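Student: I'd like to go through the aromatic rings and the packing in this one. Can we take it step by step?

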Amino acid sequence: MRHPRIIIASVSLAAAAALGGGITAAAATTSRASSLPAASQSAAATVRTVQATVAGKTETVLVNSQGLPLYYYTNDTAAKSAVSGGLAALWPPLTSASPAATGLTGKLTAVMDTHGSQVAYNGHLLYTFAEDQAGQVTGQGVQGFFVATPGLTAITGSAAPAAPAAPVGNPYGY
């Protein structure tokens, strides 16, 4: 098994910033994130909010107890993660059998999936980004991951996108 640090080293902050817009939290710190993936941290996870600059605007984003921004993946369903292998090494799932919330209005749960008890907010499974540091958001929009916010609406029904509406008067589109 490869050590996650080797995989992480292959992605630069500059590349992530170029793809994700180089978003930095307003109260950035300089502490480096642990080299252990969040999936291996099975203690109680506390999810809280902080103010961050996202696309030039100050936004409230979700972070874990170490201050790392949390993301959701657009290909996940409410009950199953689509993240595995090298993608999971770069985007470690947040796991905890008993997650706690501070300052959140949505629903925080633990979902049993391939990663164990993965933390979900309003039905969206949560991840960190291996290139982030506490107080720094660099993964926004990278590989289908987006920073989680308190207003993140709940996933309902199927994760499949809705079919486009048929044109009025002609079901064949012409």
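This is a predicted model: local features need pLDDT of at least 70, side-chain atom pairs count only at pLDDT 80 or more; totals for chains, interfaces and linings use all residues.

Student: Is Trp91 buried or exposed?

Tutor: The cut-off for burial is under 20% relative accessible area. Trp91 has 0% relative accessibility, so Trp91 counts as buried.

Student: How many aromatic pairs are there, and what kind is the one between Tyr71 and Trp91?

Tutor: Ring centres have to lie within 6.5 Å to pair, and by this rule the count comes to seven aromatic pairs. In the pair of Tyr71 and Trp91, the centres are 5.2 Å apart and the planes make an angle of 80°. Planes over 60 degrees apart get their own label, so this pair is edge-to-face.

Student: Which parts of the chain does that pair link, and how many residues apart are they?

Tutor: Tyr71 sits in strand β3, residues 71-73. Trp91 is in the loop between α3 (85-90) and β4 (100-101). Those are distant parts of the chain, and the two residues are 20 residues apart.

Student: What about Tyr71, buried or exposed?

Tutor: Apply the under 20% cut-off again. Tyr71 comes out at 0% relative accessibility, so Tyr71 is buried.

Student: And what kind of pair do Tyr72 and Phe146 form?

Tutor: Their centres are 6.1 Å apart, with 40° between the planes. Stacked needs under 30 degrees and edge-to-face needs over 60, so the pair of Tyr72 and Phe146 is tilted.

Student: Which residues have the most contacts inside the largest nonpolar core?

Tutor: In general, nonpolar side chains tend to be buried together in soluble globular proteins. Here the largest nonpolar core has 19 residues. Phe145, for instance, is in contact with Tyr71, Val83, Trp91 and Tyr127, among others. The residues with the most contacts inside the core are Tyr71, Val83, Trp91, Tyr127 and Phe145.

Student: Which elements give two or more residues to this core?

Tutor: The strand holding Tyr71 is β3, and β3 is one of these elements.

Terms used. Residues are numbered from 1 along each chain as its sequence is written. Side-chain values use heavy atoms; hydrogens and water are left out. Rings of Phe, Tyr and Trp (its six-membered ring) pair if their centres lie within 6.5 Å; planes under 30 degrees apart count as stacked, over 60 as edge-to-face and the rest as tilted. Helices (H or I, at least four residues) and strands (E, at least two) are DSSP runs, numbered from the N terminus. Buried means under 20% relative accessible area, exposed over 50%, partly exposed in between (1.4 Å probe, protein chains only). A nonpolar core is a set of buried Ala, Val, Leu, Ile, Met, Phe, Trp, Tyr and Cys residues joined through side-chain atoms within 4.5 Å. Contact means heavy atoms within 4.5 Å. Lists of a residue's contacts leave out its neighbours within four places in sequence.
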